Amino acid sequence: MQNKNINSDCVNCPVHNVANLVKLGVDMEGFNYVVALAGNPNTGKSTIFNNLTGLRQHTGNWPGKTVSRAEGGYEFKDNKFKIVDLPGTYSLLSTSTDEEVARNFILFGQPDVTVIVVDSTKLERNLNLVLQILEITDRAVVSLNLIDEATRKNIKINERELSKQLGIPVVPTSARSRTGMDELLNYIHQVATGEYVCKPYRIKGYSKKINKSIDELSKRIITLFPDLPNARWVAIRLLEGDQTIIDAVKSGEIGSISVSTSNSISEAV
Amino acid sequence: MKSNNNLLDKNIELVSYADSLRWELGENLHDSITETIFEDAYSIASKSVSSIDKKVRTNWEVSLDRLVTSRIFGFPIMFLLLSLVFWLTIEGANVPSQFLSSILIDDFHPMLKGLSASLGIPHFIDGLLIDGAYLSMAWVISVMLPPMAIFFPLFTLLEDFGYLPRVAFNMDKLFQKAGAHGKQALTMSMGFGCNAAGVIAARVIDSPRERLIAIITNNFSLCNGRWPTQILIASIFIGSLAPASLAGLVSAGAVVGVALLGIFLSLVTSWGLSKTVLKGEASAFSLELPPYRPPVILRTLYTSLIDRTIIVLWRAIVFAVPAGMVIWLVSNIHIYDLSLAEYFIDFTNPYALFIGLNGVIFLAYIIAIPANEIVIPTILMLTVMTTGLIGTGQGNGVMFELDSIKETGDILRAGGWTVLTGINLMLFSLIHNPCSTTIYTIYKETGSLKWTIFSTVYPIILGLVVCFLVAQIWFLV
């Protein structure tokens, strides 16, 4: 299990954790990178999925349409991307089946890039999910979807400012009319290859007392699982008594999330 | 091994350390974490979003929402829209249906027969493949394709426009009162397309209790395998009760009536379950009404054709081919003078007539367990065979299409069918076991043999009871 090979050629090496992806049922044969598609319900994830893959998954104006995961693939600049459409969720905090599917995939599957599709007309509410995802993963791109609808409603979004705030690329898109797709593909590629280095926003407004507990707990987590990239997040989940995470810590499974950007490790085939 | 155990001990220690910290932090940790996230989201949004229009929803959207979700007009509008969709389907499907059947059955079937005769293929193989497998497939295509090609795009347009979540919004209060989850309204609506899909969709419901209720009751949503049966039988037996000019409307009304009965049964069953074996309070949820979006019509037509029509049709064909062969076999394998089918029909007829059905319908439902789509062709074929209406069909065990709905009606009447048989068939088609795909899906989703058996047997018993009651009332009146 812990048979690691330090790969010197970090630049071209995918950072995803093949073993975990296979466990989650993703067939990575012939793919270089894995891209997860997350977002609130009814923001157009499936439409973006269809645009990128050319598949015709049924889309509908219907929150909660995608219950299980859908998968597809595409090729961009000689790289083969596997794309996984996750069920839409409002948060990753509670434990309904669809939220767990989405969260476990991002956490244990460690996609190379997570595309977070947000509804531009409801940016503030959608940002709750964005911030939660950025606690788990470093590598994300925001697709500012339904931007045409926002414009129609006189909502102006400064995507450069937003990108600066979040520390990740932000691309205005309108999946229904297929605008912004090229730019999105480009940014996915850049983040996947490490050309664009994300400096994701981390939630900071916790009270002193909570912060102290998080710090102490995450210190201990790091000593047990030194490779864990999101120890602070795991600490918060443990403090909240999240059963899935508690089980994963007890069984040591959480240790399998051990690949970080700084030292890329490729599983020995 | 030892070092491994040691590690696990440390992990457990870590968890208990977290537990002790949680005690110190107090109860409102979750709330304060959520609040922090909200505050951060607010501060980021306020820096990057400008000129936020306070009235995000435009006026016409608000008034349309008030109208379609209003206490007074909500349900009548739902009823009218559904009736309109069915009326268009019933009226529109007839012509292409006849066109397809004239090509596939009147022209192509004799050609195949002629070809096989000239090649000297033995009767047994020729009958099994051409009269059994091919004809059942041809029947399914000519009868199911036109209504589906009209019904699914219309339904998808309503969905894309954003009407379905409003239906769920209207139904929500009813489901809550029945002790079920409001989201069951969504899974129920998906069941109108396909019950197996509806059962899978029940994953959006968090509580296992309410999810189970949603899974068990999904069968009461009339699925697309059963719409054609409803539409055909309603046109023959109910529509003919009205003057010709109103026949289409009356038939559509009857189909909507059966669909509404299904919703009613779904509510009653949910209520019954939540008061007895699946006790509990309904949990609250928030349902976001999506904005109305102008449907992208061409793409909708394309995806609903590819995604629903073709897939459903393919499934029907896959199941119809072996079923056609089974029908041909049971009506051509004779023991002494009677075929297997006739033994079964003669045996069950007395019981079946008592509840306003007949032995043919029973046998058809057994053969059609894999797919509801082939109930009607099976019934027609068996009826012809047992009543000895030679000349209409093409001999024993041949599934065939008749040139018009009127002729189909004539055959059924000759087989002893009355308006009661028609009504009870429509009821039984609504209330019987789910198809084998759905049963398998229920098993996969619940992981429980007990609940799978319950979901299968309960509707059959309920259906038989309902038919029995209707028949008794009919005989009295």
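## Stop 1: the sheet of chain A

Start by showing chain A as a cartoon: six of its strands form an open sheet in the order β3-β4-β2-β5-β6-β8, with mixed pairing. Color β3(A) and β8(A) (170–172) next, as these are the edge strands, each pairing on one side only. From one strand to the next, the twist averages 25°. Keep in mind as you look around that this is a predicted model.

Now select the hairpin made by β3(A) and β4(A), which has two residues between its strands. The two strands run antiparallel and are joined by seven bridges. To see one of the pairs, show Glu71(A) and its bridge partner in β4(A), Val84(A).

Stay with β4(A) for a moment: five of its seven residues are buried, leaving this strand mostly covered. Strand β2 of chain A (residues 33–39) runs parallel to β4(A), with five bridges between them. Here the pair to pick is Leu37(A) with Asp85(A) in β4(A).

Move along to β6(A) and β8(A), which pair in the parallel sense over three bridges. Leu144(A) has Pro172(A) in β8(A) as its bridge partner.

## Stop 2: positive phi values in chain A

Most residues other than glycine have a negative phi. With that in mind, go back to the hairpin turn, where Lys77(A) has a positive phi of about 45°. Then select Asp78(A), whose phi is near 65°, again a positive value in a residue other than glycine. Asp78(A) sits in the loop between β3 (70–76) and β4 (79–85) of chain A.

Next comes Leu146(A), with a positive phi near 60°, in the loop between β6 (140–145) and α5 (147–152) of chain A.

Is Leu146(A) buried or exposed? Leu146(A) is buried, because 27 other C-beta atoms lie within 10 Å, and 20 or more are enough for that label. Asp78(A) has 7 other C-beta atoms within 10 Å and is therefore exposed.

## Stop 3: where the chains meet

Show both chains and select the contact, which takes 53 residues from chain B and 53 residues from chain A. On the side of chain B that touches chain A, the elements giving two or more residues include α1 (2–25), α2 (29–48), α5 and α12 (297–332) of chain B. Which of the elements gives the most to this side? The answer is α2(B), with 16 residues.

Strand β7 of chain A (residues 156–157) and β1(B) pair in the antiparallel sense over two bridges. Zoom in on Lys156(A), which stands opposite Ser50(B) in β1(B). For the complex, the predictor gives an ipTM of 0.79 and a pTM of 0.60.

## Stop 4: inside chain B

Now hide chain A. The secondary structure of chain B comes to 19 helices and three strands, and 46% of its 477 residues count as buried.

Select helix α10 of chain B (residues 227–238): 12 of its 12 residues are buried, so this helix is largely enclosed by the rest of the structure. Trp227(B), Gln230(B) and Phe237(B) are among them.

The largest nonpolar core has 106 residues, and Val255(B), Ile361(B), Ala364(B), Ile379(B) and Leu382(B) touch the most other members. Helix α5 of chain B (residues 123–161) gives the most to this core, with 16 residues. Bring chain A back for a second, separate core of 78 residues, which includes Leu37(A), Val84(A), Val142(A) and Leu14(B).

## Last stop: confidence

Finally, color chain B by pLDDT: the mean is 79, and 87% of its residues reach 70 or more. Take care over residues 390–394 of chain B, where the pLDDT is below 50.

Key. Residues are numbered from 1 along each chain as its sequence is written. Chains are lettered from A and ligands numbered from 1 in the order in which they are written. This is a predicted model: local features need pLDDT of at least 70, side-chain atom pairs count only at pLDDT 80 or more; totals for chains, interfaces and linings use all residues. Helices (H or I, at least four residues) and strands (E, at least two) are DSSP runs, numbered from the N terminus. A nonpolar core is a set of buried Ala, Val, Leu, Ile, Met, Phe, Trp, Tyr and Cys residues joined through C-beta atoms within 7 Å. Two residues are in contact if their C-beta atoms, placed from the backbone, lie within 7 Å. Two strands pair if DSSP finds at least two bridges between them. pLDDT is the predictor's confidence in each residue, from 0 to 100. Axes are lines fitted to C-alpha atoms, for helices over the stretch in contact, and angles run from 0 to 180 degrees between N-to-C directions.
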